[in-house]
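I kept notes as I went.

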Amino acid sequence: MIAIDFFCGGGGMTRGLIDAGINVLAGIDSNPHCRETYEKNNKNTYLASDICKLTPQDLLDRFPQLINSDEVLLVGCAPCQPFSILRREEFDEEGNAIPHESVNLLVEFGRFVQALRPAHILVENVPGLRGKGQDVLDNFKRMLNTEGYLYDEKIIYAKDYGVPQNRRRYVLIASRIFQPRIPGSQYGKDLLPYKTVRETIKKYPSIKAGEENESYANHKAANLKPILQKRISATPHDGGSRTDWPEDLVLNCHKEFKGHTDVYGRMKWDEPSPTLTVKCFSLSNGRFGHPEQDRAISLREAAALQTFPDDYIFYGSMQEIGRQIGNAVPVLLAKVLGEYILNSIN
């Protein structure tokens with residue numbers, strides 16, 4: 001089977017599909033900063049292109065084996081910002097919501113499905129695609145029906161498939177060869193025990209905020225201002241939060257507001273981690289504190305929680321690498337989905 005990975009980013013989906021035994025011909029993404037990470041780790045083509053400006057013929061000219069093949073998989077994990085519960089709506093002067101620039105990327109992906117008619121399609125996104133993005137999703141599914149695809153869709157937890165992270169995602173698998181069924185959970189109650197933070201990141205050498213240990217690539221932690229260093233030091237190990245701080249360390253905005261208690265919190269050793277975001281290396285942007293060291297998790301630790309192998313090296317600034325890691329499809333989840341498609345047609 002051959003595949004094209006649209007919106008590939010740093011390559012989490014691509015690496016998972018490769019691990020499953022699928023030949024990924026190329027990844028496509030509009031962010032040129034992902035190229036070095038993607039190409040050096042996956043040894044295949046990175047097309048830095050805006051999908052809205054790319055045509056199916058452009059792909060066919062480069063990969064003629066794509067047309068009407070029963071061995072082609074197209075993957076579309078469009079940027080999730082338009083449908084994320086974390087996104088704040090923006091409004092015009094008349095009070096109308098301003099659509100996010102990425103809102104129609106699933107529709108653009110649908111153009112390639114219609115033109116190339118791949119045997120199989122895989123879509124992954126935030127659960128909000130079934131909420132804020134319902135109109136976009138409905139249009140995409142109508143297209144699948146018109147083109148004769150069978151499909152299944154489900155909101156899943158990545159931890160149910162061996163990912164040490166409480167990541168909730170929407171998955172759709174479509175095929176014109178077989179009737180898909182989203183793979184069932186492999187981990188959880190009465191199944192295998194969930195993978196935990198401890199068994200995922202305990203092995204990495206101890207470092208301080210702002211330090212890097214080069215025995216593992218990207219094992220670098222963000223620096224902390226003195227006040228943040230005091231706050232993480234005052235946060236109890238193994239799951240403590242800002243609610244445990246003495247009064248003099250509490251932010252003014254939190255003295256009356258009791259919500260968002262994950263912010264500045266530590267992860268728990270023996271549970272899956274919270275959902276990683278593009279700011280997963282930042283103490284002030286979620287429960288991204290190390291369970292016992294006085295710092296946020298390192299980029300390497302974040303990558304491990306996304307099930308990237310240790311030899312998968314990320315390139316760019318700390319912010320760019322955080323974006324590549326936080327936006328990625330967990331490698332192991334991608335592998336499970338790829339193996340399911342291969343096994344179904346075999």
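**Ground rules**

I am looking at a predicted model, in which local features need pLDDT of at least 70, side-chain atom pairs count only at pLDDT 80 or more, and totals for chains, interfaces and linings use all residues. Residues are numbered from 1 along each chain as its sequence is written, and side-chain values use heavy atoms, with hydrogens and water left out.

**Entry 1: helix H1**

I started with helix H1, residues 12–20. Helices here are DSSP runs of H or I with at least four residues, strands are runs of E with at least two, and both are numbered from the N terminus. How many of the residues of H1 are buried? I found 7 of 9, so I noted H1 as mostly covered. Buried means under 20% relative accessible area, exposed means over 50%, and partly exposed is in between (1.4 Å probe, protein chains only). The buried ones are Gly-12, Met-13, Thr-14, Arg-15, Gly-16, Leu-17 and Ala-20.

Next I looked up what covers them. The cover includes strands S1 (2–6), S2 (23–29), S4 (72–76) and S5 (120–125). Helices H2 and H11 (331–345) are also among the covering elements. After H1 comes Gly-21, and its phi is positive, near 105 degrees.

**Entry 2: H1 against H2**

I then checked how H1 packs on H2. Their axes are 10 Å apart, at an angle of about 10 degrees. Axes are lines fitted to C-alpha atoms, for helices over the stretch in contact, and angles run from 0 to 180 degrees between N-to-C directions. H1 and H2 are therefore roughly parallel to each other. The classes are: under 35 degrees roughly parallel, over 145 roughly antiparallel, 65 to 115 roughly perpendicular, and the rest oblique.

From H1, Thr-14, Arg-15 and Ile-18 meet Tyr-38, Asn-41 and Asn-42 of H2. Contact means heavy atoms within 4.5 Å. By class, I noted 2 nonpolar, 3 polar and 1 charged residues in this contact. Ala, Val, Leu, Ile, Met, Phe, Trp, Tyr, Cys and Pro count as nonpolar; Asp, Glu, Lys and Arg count as charged; the others, Gly among them, count as polar.

**Entry 3: H4 against H5**

My next pair was H4 (residues 105–116) and H5 (residues 134–146), whose axes come within 10 Å and cross at roughly 5 degrees. That makes H4 roughly parallel to H5. H4 brings Leu-106, Val-107, Phe-109, Gly-110, Val-113 and Gln-114 to the contact, and H5 brings Val-136, Leu-137, Phe-140 and Met-143. I noted 8 nonpolar residues, 2 polar and no charged ones.

**Entry 4: Gly-76**

I found Gly-76 in strand S4. Gly-76 counts as buried, because its relative accessibility is 1%. Leaving aside neighbours within four places in sequence, Gly-76 is in contact with Phe-6, Phe-7, Phe-109, Leu-122, Val-123 and Glu-124.

**Entry 5: Ser-175**

Ser-175 lies in strand S7, residues 168–175. Is Ser-175 buried or exposed? Its relative accessibility is 0%, so Ser-175 counts as buried. Its side chain has a polar contact of 3.0 Å with the side chain of His-120. A polar contact is a pair of N or O atoms within 3.5 Å; within protein, one must be able to donate a hydrogen and the other to accept it, and residues adjacent in sequence count only if both atoms are side-chain atoms.

**Entry 6: Arg-287**

Arg-287 sits in the loop between helix H8 (252–255) and H9. Why does Arg-287 count as buried? Because its relative accessibility is 14%. A polar atom of its side chain lies 3.0 Å from the backbone oxygen of Gly-239. For the backbone oxygen of Gly-240, I noted 3.2 Å. The C-alpha atoms of Arg-287 and Ser-241 are separated by 8.0 Å, though the two are 46 residues apart along the chain.

**Entry 7: cysteines**

I looked for disulfides, meaning pairs of cysteine sulfur atoms within 2.5 Å. The count is 0. Cys-8 is in no disulfide, and its nearest cysteine sulfur, that of Cys-34, is 6.8 Å away. Cys-8 counts as buried at 7% relative accessibility, and Cys-280 counts as buried at 0%.
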